[in-house]
Amino acid sequence: MCSISTDAPPWFNEGMAEYFSIGGKITRKTLRYGVVPARHPSRLDNIRDALAGYYEKPWPLKRLFTATQGDFMRFHSGVNYAHAWSVVHYLGARPARRKLLVRYFKELASGANYQQAFDAVFGKLDLAAMEKDWLHYIT
């Protein structure tokens, strides 16, 4: 895996990897990415099942955004991968939210660690409201 930062958080690395790999298709003239998977089970099924209580519940956004690689992998990693994919999909789906994702990428690329990037981009946002919006989007 190629990383833009040695301190990029797993939600970003894995969420972006999942976003571009699931349903992605490169042809001679086009690049498709961020497609909601048509095959089942999928990451969408995984996150919806977690929200329904079949698995551990997804973390609050602040915990997902600031989780270390160890925590991400140690505590219900399957749900975390699906959660990361769904949050990147959510952020990438609308221009206003996409700006947050781009700002976050730029913060990491400039040398900010994950906590600094979180503080700069998401730190002053109402994450509870964002989480409700994400929940509405994903369900």
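**Close-up views of a predicted model**

The chain in this predicted model has an average pLDDT of 89, and 95% of its residues score at least 70.

**Figure 1. Confidence along the elements of the chain.** The element with the lowest mean pLDDT is strand 2, which covers residues 31–32 and has a mean of 72. Helix 8 has the highest mean, at 96. Where pLDDT is low, predicted coordinates should not be read in detail.

**Figure 2. Helix 2 and the helices it packs against.** Four residues of helix 2 are buried: Leu 44, Asp 45, Ile 47 and Ala 50. These buried residues pack against two helices, helix 5 (77–92) and helix 8 (127–138).

**Figure 3. The two ends of helix 2.** At the start of the helix, Ser 42 has a side-chain oxygen within 3.2 Å of the backbone nitrogen of Leu 44. Just after the helix comes Gly 53, whose phi is positive, at about 95 degrees.

Figure 4. Leu 51 belongs to helix 2, which spans residues 43–51. Leaving aside residues up to four places away in sequence, Leu 51 touches Lys 57, Pro 58, Trp 134, Leu 135, Ile 138 and Thr 139. Val 79 is 28 residues from Leu 51 in sequence, while the C-alpha atoms of the two are 9.6 Å apart in space.

**Figure 5. Arg 97 in helix 6.** Helix 6 runs over residues 95–109 and contains Arg 97. Is Arg 97 buried or exposed? Arg 97 is buried, because its relative accessible area is 14% and the limit for buried is under 20%. A polar atom of the Arg 97 side chain lies 2.8 Å from the backbone oxygen of Tyr 90. Tyr 90 is also one of the residues that Arg 97 touches; the others are Leu 91, Asp 133 and Tyr 137, with residues up to four places away in sequence not counted.

Figure 6. Which residues make the nonpolar surface patch? The patch consists of Phe 20, Ile 26, Leu 31 and Tyr 33, and has an area of about 440 Å². Phe 20 is located in helix 1, residues 10–21. With a relative accessibility of 40%, Phe 20 counts as partly exposed, because that class lies between the buried limit of 20% and the exposed limit of 50%.

Terms used
Residues numbered from 1 in each chain as written. Predicted model: local features only at pLDDT ≥ 70, side-chain atom pairs only at ≥ 80, totals over all residues. Heavy atoms only, no water. Contact = heavy atoms within 4.5 Å. Buried < 20%, exposed > 50% of the residue type's maximum accessible area, 1.4 Å probe, protein only. Polar contact = N/O pair within 3.5 Å; in protein donor to acceptor, adjacent residues only side chain to side chain. Patch = residues over 30% accessible without salt bridge, like charges linked within 9 Å, V, L, I, M, F, W, Y side chains within 5 Å. Areas by Shrake-Rupley, 256 points an atom, 1.4 Å probe, with all protein chains shown as cover. Salt bridge = Lys/Arg side-chain N within 4 Å of Asp/Glu carboxyl O. pLDDT = per-residue confidence, 0-100.
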